[in-house]
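Open the model in your viewer and keep the sequence panel beside it. This tour says what to select at each stop and what is there.

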Amino acid sequence: MAGMARTGPGVLWRAREIVDRSARQSPARLALGVFAAVIALVTVLLSAPWATAHGSRAPFVDALFTATSASTVTGLVVVPTGEYWSTWGLVVILVAIKIGGLGVMTLASLLGMAVSRRIGLTQRLLVSSETKFTRLGEVGSLVRTVIVTSTILEVAIAIVLLPRFHMYDESWGTAAWHATFYGVSSFNNAGFVPTPEGLAPFISDWWVLLPIIVGVFIGSLGFPVILNVAQHLREPRRWSLHAKLTITTSSALVVAGAVLVAAFEWTNPNTFRDLDASGTALASLFAGVMPRSAGFSTVDVGQMHESTWLLTDALMFVGGGSASTAGGIKVTTLAVMLLAIVAEARGDRDVEAYGRRIPRDALQVAIAVSLISATFVLIASLLLLAMTGERLDTILFEVISAFATCGLSTGITPTLPDGAKYVLTVLMFIGRTGTMTLAAALALRNRRRVIRLPEERPIIG
């Protein structure tokens with residue numbers, strides 16, 4: 001027994017040492033490996049007969065698609081979640097969402113720390129003043145902080161939702177299960193719902209939807225922003241540039257999205273027309289926040305106007321904050337490119353924001369991530385158009401939703417052929433791990449050349 005007691009901690013210490021070494025040597029490979037392993041395990045569990053409500057094995061493509069969607073906190077589904085999966089299947093999905101959300105925030109933070117190891121002493125001192133974790137050896141502390149922070153926020157959302165669900169004639173046990181599911185799913189921007197009707201019955205209920213909106217928005221900001229703001233809650237001037245850009249850009253996109261959705265859907269008889277002013281305001285705010293990467297909906301997205309689809313495409317492609325549970329190219333990527341455009345229009349030499357100068361290599365990474373992401377969307381759209389007879393607008397919506405790990409759908413995903421489902425599965429995996437690892441890889445490629453070639457400006461525009 002004593003030998004076993006010594007072996008247990010030794011194994012844990014060895015496992016931690018392996019993780020630390022992997023984080024130092026190849027953080028991108030660590031991110032890909034962890035997500036692939038989680039998806040494989042969840043696929044096996046969802047393939048078991050006890051995971052479905054009808055007691056028979058789910059088709060492999062459906063189990064793999066659902067496992068990928070849950071582990072990458074996307075929310076796209078090929079079967080109705082609340083009807084098709086048993087209670088145990090829903091528990092597996094919920095655990096996959098939790099692990100996926102923690103993995104995103106933890107691994108993205110590890111990648112950020114890997115980049116910080118390659119910068120100069122002065123910059124590292126600045127980084128250490130803005131974040132608590134600056135060394136890859138602090139993996140254990142990072143993981144614990146992410147777990148505690150996310151769990152506290154998820155529990156808070158569930159506590160607010162619990163009495164309201166009980167008022168809808170649900171038993172305390174059922175209400176607690178639904179509140180917990182929505183708490184985890186909303187903070188992690190997953191978009192999965194435990195009931196067949198989803199959130200449609202609560203389209204005008206501020207008590208139910210507002211906590212979910214807040215949970216989605218906070219989850220989309222990212223762990224570095226949450227921690228930085230929590231440390232300097234009463235001193236916004238001490239917030240990091242990343243936190244300020246993330247909060248400002250996210251808030252602007254939410255307001256713009258909500259206003260435009262309300263304008264586009266105000267007279268649509270299939271969505272907003274029959275709602276009163278309060279219901280329209282809530283539904284519009286909800287629709288403006290969900291493209292951050294959550295994927296919840298209170299109306300049939302397939303019945304929305306095409307102008308709303310196009311707007312939602314743009315919002316989903318941008319997504320949420322870096323090192324968050326949200327997907328997309330990230331709001332800081334958009335902010336850096338917009339600031340560069342403003343600086344160019346003004347004739348400024350430097351790109352500046354909030355009293356700080358943004359280095360030029362950050363702009364180069366932002367442009368590279370945006371163009372490569374658009375290329376993935378283009379290739380996947382071409383493949384799905386070739387495999388199906390669907391229109392471009394619906395295909396583009398599903399593809400961007402999958403790549404941005406959002407989960408909103410016009411309703412065509414369950415009817416797609418297996419080949420198209422596999423394409424979306426790969427796209428969800430790339431969308432969750434690709435932009436994160438790509439940005440880190442580009443940032444790490446910092447070659448210093450002694451000899452520089454002569455400068456010559458090509459004609460632009």
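The stops below run from the whole chain to single residues.

**Before you start**

This is a predicted model, in which local features need pLDDT of at least 70, side-chain atom pairs count only at pLDDT 80 or more, and totals for chains, interfaces and linings use all residues. Residues are numbered from 1 along each chain as its sequence is written, and side-chain values use heavy atoms, with hydrogens and water left out.

**Stop 1: the whole chain**

Show the protein chain as a cartoon. It has 17 helices and two strands. These are DSSP runs numbered from the N terminus: helices are H or I with at least four residues, strands are E with at least two. Of the 461 residues, 51% are buried. Buried means under 20% relative accessible area, exposed means over 50%, and partly exposed lies in between (1.4 Å probe, protein chains only). The accessible surface comes to about 22100 Å², and carbon and sulfur atoms hold 64% of that. Areas come from the Shrake-Rupley method with a 1.4 Å probe; for residues, only the protein chains shown count as cover.

**Stop 2: salt bridges**

The whole structure holds six salt bridges. Each is a side-chain nitrogen of Lys or Arg within 4 Å of a carboxyl oxygen of Asp or Glu.

Select D62 and K421. Their closest N and O atoms are 3.6 Å apart. D62 sits in helix α3 and K421 in helix α17 (residues 418-444), 359 residues apart. Both D62 and K421 are buried.

Next, pick D205 and R164, which meet at 2.9 Å, N to O. D205 is in the loop between α8 and α9 (206-221) and R164 is in helix α7, so the pair ties together parts 41 residues apart in sequence. Buried or partly exposed? D205 is buried, at 7% relative accessibility, while R164 is partly exposed, at 21%.

Then go to E306 and R391, a bridge of 3.6 Å, N to O.

**Stop 3: aromatic pairs**

A search of the whole structure finds eight aromatic pairs. Rings of Phe, Tyr and Trp (its six-membered ring) pair if their centres lie within 6.5 Å; planes under 30 degrees apart are stacked, over 60 edge-to-face, and the rest tilted.

Select Y84 and W85. This pair is edge-to-face, 4.9 Å centre to centre with 80 degrees between the planes. Y84 is buried at 14% relative accessible area, and W85 is buried at 3%.

Move to F165 and Y182. Their ring centres are 5.8 Å apart and their planes are at 35 degrees, so the pair is tilted. F165 lies in helix α7 (residues 139-167) and Y182 in helix α8 (residues 172-187), so the pair ties together parts 17 residues apart in sequence. Both F165 and Y182 are buried.

**Stop 4: S185**

Stay in helix α8 and select S185. S185 is buried, at 0% relative accessibility. Which backbone oxygen does the side chain of S185 reach? The oxygen belongs to F192, at 3.0 Å. S185 also touches residues including I97, A190 and F296, not counting residues up to four places away in sequence. Contact means heavy atoms within 4.5 Å.

Methods. A polar contact is a pair of N or O atoms within 3.5 Å; within protein, one must be able to donate a hydrogen and the other to accept it, and residues adjacent in sequence count only if both atoms are side-chain atoms.
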